[in-house]
Structure formats: structure tokens, C-alpha cells
Amino acid sequence: MASANSAEEPWPVRTVNVKIAEWIHRLGQIWVEGQITQLSRRPGTRTAFITLRDPAADMSLTVTCPPEVIDRSPVPLVDGTRVIMCGRPSFYTGRGTISLRVTEIRAVGIGELLARIERLRQLLAAEGLFDARRKRPLPFLPRGIGLISGRASAASHDVVTIARSRWPTARITVRDAPVQGPSAVPRILGELKILDDDPDIDVIIIARGGGSTEDLLPFSDEQLLRAVSACTTPVISAIGHEPDNPLLDFVADLRAATPTDAAKRVVPDVAAELAGIATMRRRSAGALRNWVQRERHIVDGLRARPALADPLRLVDAHVGAVERHRADLRRDIARLVEKEDHRHEHLAARLATLGPAQTLARGYAIVQNLDDGSRVAREVADLPDGARLRIRVADGAVGARVTEQEQEGTP
């Protein structure tokens, strides 16, 4: 047994099995807690076989015990029962298998289960899995609804019936899974992942009818709670009735009191929506009519004002003043024109008096020297002998020639 082990000196199978058995048997008596998933008890046999599963992990252990140990159990041993067993690990060298040889079985009390659930609740709350800020809003009208529930269960029937009565075109994908017992959590986890990965599913409902605390234990399983928290699709918890509060209610994005309540939360009521639309249309039409009436009253008030009722009133009030001003203006213009006419006539008379025509009319004449460019003669020196002259009088002019000169003072 103590010989070296190498490729040249390998141990036979019996040696290996014996060594393993020795190490296992050193564990001695131990207490183990788990959940029964399978119980095989054949009449006439001296050994009963039980599969004990860890509810928080995908691990199990084979348990053997005399049938009378099962008979002495304080609770009926069925699939899903949580128990505590006392026994010794045993390694069967003939087949190389390990099992737990049990001599005592105790049931896990409700108080202990509730205490464990409370400790898990405090742990998850401290991690923030219950934080309201993590909750995702539900879509108003989901394209697809995923439903995880027991096969042909009343909860599944209620959700489908109520949802389609409220919104007939609702598309519901039903995924059957056990909702109690040892296989519930693994199956629910698988179906949850399938629905969460489906891009056409906008919301997921996990539904189950009422039950005892033990029946609802899968919905307080840590694996399931963390998986729901990690989902990208909003999840509705519809477990049991109003008093039932598994931890799934705290992790889910919405807690529904019952499966029927979940159906009402997930889709709107088409009749209520149509009634709401009709009400909004009536209110909109009434508001529009009131607005038109109010604006009409404003327009009527503006039209009733004197300035708009009789727009020419202000003009008519000033017609007399305008006419008076026009008459005054015309009178002043006529007076000015008359004054200027008199002034013009006076100036014309003065001009006529001072003009050459009046001088000629009084007997004077204008003598021009034609030989000197018709220059007007002003003195005798301007008229040499023989010069051709033009003499202009009042009624015409005559030509003449100088034959003699006579200056002032000359005899």
C-alpha cells in the first residue's frame, strides 16, 4: 500500500479504490442539508436510494438508507422536500461509487426556511438588487409577451385569457416549466434565458398560483433571483396570492398580486382605451368650440367699438373743420393773388412811365448813328457831318443825314 506509484509501478484499480475509500471514511459522521429529487424504494429490498440535491447549485449526492429510516421521517418524503440527513460517506470499492449512508432524517422547519430567506433578502438588498432605480419600465403595448408557468396551470390560463380579452391581438409565448420541486429552478432559468434572448419579447411574466411556503421556495432561490436581476427584458412576478411574498417579488421589475393582475398590468384594456380616445375627442372638440366662441366674442367686442363700428365717424367729425380751413386757405390765397396783382400793376405803371416809349410820346426822339453801329448819340460830337442817322419817334422812325452841327450856345 505504501509502495511508490509511477509509470513503471502503477497501482491497480483495487488499490486506488481502497485508498479513496480510506480517505472518505475518515470524514466520519456528517450532517447534510438538501432537497430530495428522487426516491427509490422497492418492496422487499433492504436499501432505499435517494438523490439529494443542493437547491443553490447544480450538484447532487446519492443517499442510501434502510427503509425504516424513511418510515421514521417526521414528514412525508417526496420530491422537493427539504431535509437534513445524518450519515457517513461510504465509497463502494466494487463499483467506484460514493454514497451517503443515512441513519437519521429530519425535516427543515418552516422557521429555519424563513430565517434563511430573510438572510438572503438582507444580502440581496445590501447588494442593491431591490433598488427601485434598477426597475425597468414596462412597455405600453408589448410586441410579444413571454409567460413562464406550469403546464396547463390555472395561472397560465388566467394570464392568457385575461390578456387576450383586454387586447385580442396580444401575442403570448408560453414556456412550460415546473413551478415547485427540485427541478423547478433549473427549468425556469433555462426558459427565462430563452425568452430574454428573444428580440420579439418585450416583457416576461413568471406566474404561479398559491401554495405553501415550501411550494414557493423556488421563487426565493438565489440563482433565480440573480438571473432575473441580470435580464435585459422587464420581468413581472405573479407568484401566489396577495399575502405571498417570495423574494422574486422584490427583484422583479413589477410585482403583480396575482396572475390575473399581471395580465391586467401587461396590456391595456382596448375597451378602456377606445373609451378614453372617444372622451379625449369629445373634450378636444368642446375645447375647440369654446375657443372659437371665445375668439368670436373678442371679435364682436372689437367690432362694437365706435372706431370699428363707424370707421368714418372720426373723418366726418373733422369735415367741417377741413372745409373751414379750405375756405380760409382759398380766401388767403385770393387776397395774396389780388395783392400781388395790384403790386404788379403798380410796377408795370412805373415801368411804363420810366420806359422809352413814354419819353418818345412826350416829343422826344432817339437818334442813332448808323455809321457808328447804330450807336445812340448823346452829344453833337457823336454826329459828324454826313453821318447817316436813324431818328426814332413815338409812332416810328425816319432816316436822315447830318448836314450841319449846332452846339449849345452857338448862334
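Me: Which backbone nitrogen does the side chain of Asp202 reach, and at what distance?
Reply: Happy to look at that one; keep in mind that this is a predicted model. Arg143 is among the residues that Asp202 touches, along with Pro139, Pro142, Gly144, Thr233 and Pro234, leaving aside residues up to four places away in sequence. The side chain of Asp202 reaches the backbone nitrogen of Arg143, at 2.8 Å.

Me: Does Asp202 count as buried or exposed, and why?
Reply: Asp202 sits in the loop between helix H5 (184-197) and strand S8 (203-208). Its relative accessibility is 18%, and the cut-off for buried is under 20%. Asp202 therefore counts as buried.

Me: And is Pro43 buried or exposed?
Reply: Pro43 is a loop residue too, placed between strand S1 (30-40) and strand S2 (48-53). Exposed requires over 50%, and Pro43 has a relative accessibility of 83%. So Pro43 counts as exposed.

Me: How far is the C-alpha atom of Pro43 from that of Glu9?
Reply: Along the chain, Pro43 and Glu9 are 34 residues apart.

Me: Which residue in S5 stands opposite Phe91?
Reply: Strand S4 (residues 82-92) pairs with strand S5 (residues 97-107) in the antiparallel sense, over ten bridges. Standing opposite Phe91 is Ile98.

Technical notes:
Residues are numbered from 1 along each chain as its sequence is written. This is a predicted model: local features need pLDDT of at least 70, side-chain atom pairs count only at pLDDT 80 or more; totals for chains, interfaces and linings use all residues. Side-chain values use heavy atoms; hydrogens and water are left out. Helices (H or I, at least four residues) and strands (E, at least two) are DSSP runs, numbered from the N terminus. Buried means under 20% relative accessible area, exposed over 50%, partly exposed in between (1.4 Å probe, protein chains only). A polar contact is a pair of N or O atoms within 3.5 Å; within protein, one must be able to donate a hydrogen and the other to accept it, and residues adjacent in sequence count only if both atoms are side-chain atoms. Contact means heavy atoms within 4.5 Å. Two strands pair if DSSP finds at least two bridges between them.
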